[in-house]
Amino acid sequence: MSLLVSLTGGIPDMAWLLLLLLPAACLQAGNPAGYNRESIYGLNQPTRITGVLGSSIEIPFSFYFPGELAPDPQMRILWRWKHYHGEFIYNPSSGFIHEHFKDRLILNWTQPQTFGVLRILGLKEKDQTVYFCRVHLKMTNCIEGFQSIDGTQLTVTPVSTPMQSPSIVTSAVTTAGLEDTEGQRNPSLVNLEATFGVMVTMAVLITPVYVMMIFLLYKQSCEWEDQGTSSCSVHEAGCLSCSTGISKTEMNV
C-alpha cells in the first residue's frame with residue numbers, strides 16, 4: 001500500500017532502495033550456488049551414465065537437509081523411472097521391486113548415511129530411460145520428502161563384436177569358394193573334378209604302354225646276353241686249336 005502511494009505521489013527513498021535490491025534478488029534466484037545449503041533440502045545424482053547391454057551399472061546419489069533428524073528418522077530411499085512423476089520401481093523399506101527389474105536391483109545404503117549407490121544388473125534395452133532418487137526422512141519438527149529434479153539418464157549400448165583376424169577372414173573366403181551357392185555347383189569345384197578325371201584317364205591309358213615298353217626292353221637285353229655268350233664259346237674253341245697246332249682235319253680224324 002505504501003509502494004502504491006509512493007508511485008502516485010512520487011518515488012520516496014524506500015522505493016528507490018527496493019528497485020536497487022531487485023536485480024540482486026533476481027540474480028540470486030537464478031544461481032543455485034547462491035543458496036545457503038544449510039537451509040534447503042537437496043539431492044545429487046549424475047546427469048548421465050552409460051552401460052553395456054547385459055552388464056551392470058551403478059547410479060550414485062547423495063542428499064542433504066537442514067536442521068536435525070528425529071531420534072528415529074525413519075529414512076527411506078525410493079526410486080522412480082521415466083519422468084519426475086513416474087511410477088516407483090524400488091522401495092526397499094517395503095520390499096517392493098518393479099516386475100521389470102525383478103532380481104536386478106541392489107541398493108547399497110544404510111541409515112543414517114546420506115549417500116549410497118543403486119546398482120542395476122543385467123541391463124536390458126528397455127532400461128534406457130531416466131531414473132530419479134527420492135528421500136523420505138523425519139525431522140524433529142516435521143516429515144520431509146524430496147527428490148532429484150533432473151534425475152540420471154541411462155544409455156544402454158549394444159555389445160561390441162570383436163574384429164576377425166586376417167587369417168580367419170581368408171579361411172572363410174576360401175571355404176566359401178568351395179561350397180555350393182544356392183543349390184548350384186561352384187565353377188572352381190567343377191573344374192577341379194574335371195581335371196582330376198582327365199589325369200586318371202591318362203594314367204589308365206599310359207600305364208599299359210609303359211609296362212609293354214619295359215617288357216620289350218627286358219626281352220631284348222636278354223637276347224643280347226645270349227648272343228654274347230655263344231660268340232665267346234666259339235672264340236675260345238678257335239684259340240684252343242691254334243695253341244695246340246692241331247689242324248681242323250686232324251681234329252676230325
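The structure is a predicted model.

**The largest pocket**

- Two elements each contribute two or more residues to the lining of the largest pocket: strand E1 (42–44) and strand E10 (143–147).
- The greatest contribution to this lining comes from E1, which supplies three residues.
- By residue class, the lining of the largest pocket comprises five nonpolar residues, seven polar residues and one charged residue.
- The volume of the largest pocket is about 280 Å³.

**Strand E4 and its partners**

- Strand E4 covers residues 76–81, and it is largely enclosed by the rest of the structure because five of its six residues are buried.
- E4 runs antiparallel to strand E9 (residues 130–138), and six bridges join the two strands.
- Within this pairing, Ile77 has Val135 of E9 as its bridge partner.
- E4 also pairs with strand E5 (residues 88–91), again in the antiparallel sense, over two bridges.
- Here the bridge partner of Trp79 is Tyr90 in E5.

**The loop between E4 and E5**

- E4 and E5 form a hairpin with six residues between the strands, and Lys82 has a positive phi near 80° in this hairpin.
- Lys82 belongs to the loop between E4 and E5, and its phi is positive although Lys82 is a residue other than glycine.
- The side chains of Glu87 and His98 are joined by a polar contact of 3.4 Å.
- Eleven residues separate Glu87 from His98 in sequence, and the C-alpha to C-alpha distance between them is 9.1 Å.
- Apart from neighbours within four places in sequence, the residues in contact with Glu87 are Trp79, Arg80, Trp81 and His98.

**Backbone features in other loops**

- Gln74 is located in the loop between strand E3 (57–64) and E4.
- The phi of Gln74 is positive, at about 50°, although Gln74 is not a glycine.
- Gln74 is partly exposed, since its relative accessible area is 44%.
- A cis peptide bond leads from Gln111 to Pro112, with omega near 10°.
- Pro112 is part of the loop between strand E7 (105–108) and strand E8 (115–120).

- A distance of 2.6 Å separates the side chain of Thr152 from the backbone oxygen of Pro46, which the side chain reaches.
- When neighbours within four places in sequence are left aside, Thr152 is in contact with Gln45, Pro46, Thr47, Arg48, Ile49, Ile59, Thr129, Val130 and Tyr131.

Key: Residues numbered from 1 in each chain as written. Predicted model: local features only at pLDDT ≥ 70, side-chain atom pairs only at ≥ 80, totals over all residues. Heavy atoms only, no water. Polar contact = N/O pair within 3.5 Å; in protein donor to acceptor, adjacent residues only side chain to side chain. Contact = heavy atoms within 4.5 Å. 1 Å grid on protein atoms, 1.4 Å probe; cavity = no way out; pocket = protein on both sides within 12 Å on 5 of 7 lines; lining within 4 Å. Points joined across faces, edges and corners; volume = space filled by probe spheres on them. Helix = DSSP H or I, 4+ residues; strand = E, 2+ residues; numbered from the N terminus. Nonpolar A, V, L, I, M, F, W, Y, C, P; charged D, E, K, R; others polar. Buried < 20%, exposed > 50% of the residue type's maximum accessible area, 1.4 Å probe, protein only. Pairing = 2+ DSSP bridges.
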